[in-house]
Amino acid sequence: MNHSLNKRNGVAIVGVGATPFGEHWRKSLRELALEASLSAVAEAGIRGKDIQEFFIGNMSGGMFTGQEHVAALVTDFLGLNPAPAIRVEAACASGSVAFRQGYVAIASGLYNLVAVGGVEKMTDVQGGWATAILSGAMDTEWEAYFGVTFPGIYAMIANRYMHEYGLTREQLAKVAVKNHYHGSLNPNAHLRNRITVEDVLKSPLVADPLRLFDCCPISDGAACVLLAPANEARKYTDTPILVGSCAQASDTLSLFGRRDMCTLDATRHAASQAFEESKLSPEDVDFAEVHDCFTIAEILATEDLGLCSKGRAAKLYDEEQTFIGGKLPINTDGGLKAAGHAVGATGVKQIVEAVRQLRGEAEKGRQVKGAEIGLTHSVGGSGATAVVTILRRGDSIP
Amino acid sequence: MMQSASYHWRRYKELYNLKGTRCERCGGVFFPVRDICPNCRREGKVVQIDFSGRGTVYAHTVIRAPPRGFEYLSPYAVAIVQLDEGPKVTSQIVDCRPEDVHIGMRVEACFRKLRDESADGVIVYGFKFRPVQHDL
Amino acid sequence: MVGIVGYGTYIPKWRIRVEEIAKIWGHDPENYRDGLMLEEKSVPYLDEDTATMAVEAARGALRRAPHVNPKSVGALYVGSESHPYAVKPTATIVAEAIEATPYLTAGDIEFACKAGTAGIQACMGLIRAGYIKYGMSIGSDAAQGQPADALEYTAAAGAAAYLLGEDNVIVEIEGTYSYTQDVPDFWRREGERFPRHAGRFTGEPGYFDHVLSCARGMMKQMGMSASDYDYIVLHMPNGKFPMRAAQLLGFSREKILPSLVVTKLGNSYSASSMLGLAAVLDQAKGGERILMTSYGSGAGSDAFSMLVKDGISEVQELAPTVEYYINRREYVDYALYSKFRGQLKGFG
């Protein structure tokens, strides 16, 4: 389905902001949302009242904090009533699906300035409850009902992938090592410690073969980006970033219903469409922020996005090509693993990071040199939803 | 979870016995029961079928950080089982040590307690799988 | 003539040895092995209970009666002293699981270890009176043994199901006889976790009075004696009691040993004598005669005089045998045993 035929406007990102991700004991959901929004708005030099609509990604304000109607809460707390706002939910892809809705709003020509936000407050519930709530992202009747957890689902993917492609436990650990290295250079990351392959292999088992250090943490956080038509972008910023394309695809909710357990078809479809619409190919990508809720997810993402062929991602890690400075930097801010995963905010945070890389604004030691084209990738559940966004420097925008 | 009797009861027939759907138009066999064929949609003709309960482990793991309500069972094996009839199912594997589950293991459905979350609530029963050890 | 049309059994896989329990309480294991004539007992897993085992046994009974459509089962009874609910029948769970619903009557029975045989008698009556075509009675228990008590060595888990009817009978029930009195030898009050027993009082006024009186009454009603029977099956709270009772009734050792599953499985309470009968049926031949007498504390015994038909040889292998279940075992230590029996608190 090629939407570009109907596109009215090119879309540009004109302002970004994000809170650090982490355990924010003293901040509530509404406070996190405000912090990220203020940051984006200040950067773009706009008045909040200019924002025509809000698209807010949030997986489960209700289960984590008791608060539904999150979109209304945000416009109220920001002092921006009566602007319309919509909360978007697609499990871990909530933020990126919200971003896509904002993109569609501008591309359609119906809007001139929208805000996309993502927020999640996860640390107000204890232990087993967070695991149970996140299980809502899978098929609750035919997967979670039987006691499968989210790590358990990805563990079965890892189990099957290792069986089919010979991936080793050590190779899988390298994904976490690399992401923690990037996270150590990122002051906004949830986890900033550097780890070794041995650290990963000694960490406690969560769901065989996945260990604690294969799993992203539970984080609080928020992020916000402002979108405008490309031909109006320079009103707001000298460094507009073009959205080359933003594609989304769906697949079976359950893992057992998938065509191939070691492939996320939703990622493949979204990537294929995103490259087609932006008239680019995987070789053009300078860096990628991919959905690494678990180390195995990054292996699959690298392949399903077309950045390498099926079964060959491990080689990239053996050769350290996915570090900043390598052939294909992946998860330059530490990814979900180290930068953190405030579920509804993550998709938007990935955009924020990609924008900063393309602007050349990343911290010392973690700037991808000469970054022109970036890709973000976000997945809901075990692969039922995937969003692929291609961003490029907006030098060509007049 | 806060859902009470009706949420669980409505599923008893499909939890107590493995049931699925066959589409007479495209020949597809599906689990769980589907009200319309995912391939043919309104043009399909779906009938409910019973599975034999026999299958092979396709992928597996051991849950060691259980969700609320399953702590007492930890650690427990979970697997995706490919039924002999084709579709795959997610379920616990019992009657063996969790570490002994392996890809290719032959298993059969059995009847167990699925959920027993509180001393004053409804007990939910349904299928799990165990290793096949006899040729019956 | 009404009789058994199919039978099925289930025993959980896990076992704990007498030595393992004795170690914890500082007992001499030999005392218990010899005194109880028992080596080990079955232990249900955390997700097994009276209902789950009853379903497995019921499914086995239907596998041995492949011509019977579950929808034609007109009555289903589950006898147990460890029903999962105090109020809500186990029988409906089983009926739903074997797809016999909705046109049948059902109910749970409690009469300590003879609840399942009481259910057999109820089915016999409904069938002979022409109200139903087939009926099923199941004895199933996941017994709780109080730690450090003598019964901890024997309180085990298992289930046996009997499908009864008048067509395609594999074992004719020639007669039934019962003996019942109000005797408080073993009981459990509402809300209490473990039963209480009256020690040595459970012997003569309990088990032996009822089993001997009932078995003798059955044989007298049939005009037969021990020599007319090829097998005797008795309730097995341990190995010693039934061996002694069989001897007192004039039966030789070879006639009781085939049914003496308790030595390897422990006392599965409502399933005990019914599992013993199944062990015999797994090897019995057409023309052989069986005397079975159950016992339930409180107290009562039900006896059955049975004649095996030739057709049994065609169905014995259609479902797992008792020997299969005896051999399907893995041992646990006392810590895992405690975990499996839900003895460890602190969740939720």
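The crossing of H6(C) and H7(C) is right-handed; a crossing has this hand if the near helix is turned clockwise from the far one by less than a right angle, and is left-handed if anticlockwise. The model is predicted: local features need pLDDT of at least 70, side-chain atom pairs count only at pLDDT 80 or more, and totals for chains, interfaces and linings use all residues. Residues are numbered from 1 along each chain as its sequence is written, while chains are lettered from A and ligands numbered from 1 in the order in which they are written.

Helix H6 of chain C spans residues 203-222, and helix H7 of chain C spans residues 240-248. Helices (H or I, at least four residues) and strands (E, at least two) are DSSP runs, numbered from the N terminus. The two helices pack at an angle of about 40°, with their axes 10 Å apart. Axes are lines fitted to C-alpha atoms, for helices over the stretch in contact, and angles run from 0 to 180 degrees between N-to-C directions. H6(C) and H7(C) are therefore oblique to each other. Angles under 35 degrees count as roughly parallel, over 145 as roughly antiparallel, 65 to 115 as roughly perpendicular and the rest as oblique.

From H6(C), C:Tyr207, C:Phe208, C:Val211 and C:Leu212 meet C:Phe241, C:Ala245 and C:Leu248 of H7(C). Contact requires C-beta atoms, placed from the backbone, within 7 Å. By class, this helix contact has seven nonpolar, no polar and no charged residues. Ala, Val, Leu, Ile, Met, Phe, Trp, Tyr, Cys and Pro count as nonpolar, Asp, Glu, Lys and Arg as charged, and the others, Gly among them, as polar.

Chain C is divided into domain 1 (3-170 + 313-340) and domain 2 (172-311), with bounds from an automatic or database domain assignment. Their C-alpha centres lie 16 Å apart. The contact takes 50 residues from domain 1 of chain C and 43 residues from domain 2 of chain C. Elements that each supply at least two residues of the domain 1 side include strand S1 (3-10), helix H5 (115-128) and strand S6 (134-142) of chain C. H5(C) gives the most to that side, with six residues. By class, the domain 1 side has 23 nonpolar, 19 polar and eight charged residues.

An open sheet of three strands in chain C has the order S3-S2-S14, with mixed pairing; strands pair if DSSP finds at least two bridges between them. S3 and strand S14 (330-331) of chain C stand at the edges, each with a single partner strand, so one side of each has no neighbour in the sheet. Strand S2 (residues 14-17) of chain C runs parallel to S14(C), joined by two bridges. C:Trp14 stands opposite C:Glu330 in S14(C). Helix H1 (residues 18-25) of chain C lies across S2 and S3 of chain C, at about 55° to S2(C).

Definitions and conventions. Two residues are in contact if their C-beta atoms, placed from the backbone, lie within 7 Å.
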